[in-house]
Structure formats: C-alpha cells, structure tokens
Amino acid sequence: MVLVALIAIEHIYILVLEMFLWTTPRGMKAFGMKPEQAALTKVMAANQGLYNGFLAAGLIWSLLHPDAAFAFQLKLFFLVCVLVAGLYGGATASRKIFVIQALPAAIALIAVLLAG
C-alpha cells in the first residue's frame, strides 16, 4: 500500500508540474525546456497533467475502497496504466521516464501481486 501511495503522490506532483508550473523555472528545468517551448506547449502540458491526476485519483481510490478484492483490481488496473504510460513516454519522449515513472510502477505492481 505504501508503494501505491508513493506512485499516487508522484502523479499528483506531475499534475502540479504540468498544470501549474510548466512555464516556471522549476517546470522548465524538470522537463528540459526553454521559455518559448514551454509557452507553446502549456495547454498540451495541462492536459497531460490532468491525465496524471486521474491516475493518482484511481490509485487513491484503490487504497480507500472498502472491498479488498475490488481494491486489488483497482491497484492492478491503475498501476498497469502508469506502467504503460511510463513505457510509452520513455520510448517516445525521454528515456528518464522509464526510471521516473515506469520502474516505480513496475516495482509497486510486483509488490501488489506478491501481497495479493
């Protein structure tokens, strides 16, 4: 459960970076962008941030759901979604996404499967 919570927190942080800090020095540094690039992609980034928020919400839902069997299924579904997003992002956008998003999701997924 701790690993799932950490993945959820990570995605809330990504939401904040993409939706609210994209054009700030912190956001630009996190994504390796220049001000012009950040300004041109601000709307797209906010949309991405929203999707990361949905992933976080699903993971939080999986931690709070009272039915253990359904909560387990929710954890699997949302962790697989994060893993696939991380694999795709790592293959198409930046290799560091493999380490930042895909690897933690894979570790949490394995932990959930072993605990289940």
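**Close-up views of a predicted helical model**

**View 1. Helix α4 and its buried residues.** The structure shown is a predicted model. Those buried α4 residues are Ala-45, Gly-49, Asn-52, Gly-53, Leu-55, Ala-56, Gly-58, Leu-59 and Ser-62. The helix has 23 residues. From first C-alpha to last, α4 reaches 33 Å, close to the 33 Å expected at 1.5 Å a residue.

**View 2. Asn-52 and its contacts.** Asn-52 sits in helix α4. The relative accessible area of Asn-52 is 9%, under the 20% cut-off, so this residue counts as buried. Leaving out residues up to four places away in sequence, Asn-52 touches His-11, Ile-14, Leu-15, Glu-18 and Gln-101.

**View 3. Helix α5 and its buried residues.** The buried residues of α5 pack against α1, α4 and α6. They are Ala-71, Leu-74, Lys-75, Phe-78, Leu-79, Val-82, Leu-83, Gly-86, Gly-89 and Gly-90. An α-helix has 3.6 residues a turn, so residues three or four places apart point the same way. Helix α5 has 25 residues. Its span from first C-alpha to last is 36 Å, close to the 36 Å expected at 1.5 Å a residue.

**View 4. The largest nonpolar core.** This core has 15 residues. Val-4, Ile-7, Leu-59, Phe-78, Leu-79, Val-82 and Leu-83 touch the most other members. Two or more residues come from each of α1 (2-19), α4 (42-64), α5 (68-92) and α6 (96-115). Apart from this core lies another, of five residues, including Trp-22, Met-28, Met-33 and Ala-38.

**View 5. Leu-83 and its contacts.** Leu-83 is one of the buried residues of α5. With residues up to four places away in sequence set aside, Leu-83 touches Ala-102, Ala-105, Ala-106 and Leu-109.

View 6. Ile-97 lies in helix α6. At 22% relative accessibility, Ile-97 counts as partly exposed, because buried means under 20%. Ile-97 and Gly-86 are eleven residues apart along the chain. Their C-alpha atoms are separated by 5.8 Å. Ile-97 touches Gly-86, Gly-89, Gly-90 and Ala-102, not counting residues up to four places away in sequence. Gly-86, Gly-89 and Gly-90 are among the buried residues of α5.

**View 7. A nonpolar surface patch.** The patch covers about 730 Å². Val-2, Leu-3, Leu-6, Ile-9, Val-99, Ile-100, Leu-103 and Ile-107 make it up. The elements that give two or more residues to the patch are α1 and α6.

View 8. Ile-100, a member of the nonpolar patch, is found in helix α6. This residue is partly exposed, with a relative accessible area of 40%. Ile-100 and Glu-10 are 90 residues apart in sequence. In space they are 9.0 Å apart, C-alpha to C-alpha.

**View 9. Asp-67 in the loop between α4 and α5.** Asp-67 lies in the loop that runs between these two helices. Its relative accessible area is 39%, so Asp-67 is partly exposed. Asp-67 and Ile-7 are 60 residues apart in sequence and 21 Å apart in space, C-alpha to C-alpha. Ile-7 is a member of the largest nonpolar core.

Key. Residues numbered from 1 in each chain as written. Predicted model: local features only at pLDDT ≥ 70, side-chain atom pairs only at ≥ 80, totals over all residues. Heavy atoms only, no water. Core = buried A, V, L, I, M, F, W, Y, C linked by side-chain atoms within 4.5 Å. Buried < 20%, exposed > 50% of the residue type's maximum accessible area, 1.4 Å probe, protein only. Helix = DSSP H or I, 4+ residues; strand = E, 2+ residues; numbered from the N terminus. Contact = heavy atoms within 4.5 Å. Patch = residues over 30% accessible without salt bridge, like charges linked within 9 Å, V, L, I, M, F, W, Y side chains within 5 Å. Areas by Shrake-Rupley, 256 points an atom, 1.4 Å probe, with all protein chains shown as cover. Salt bridge = Lys/Arg side-chain N within 4 Å of Asp/Glu carboxyl O. Expected span 1.5 Å × (residues − 1).
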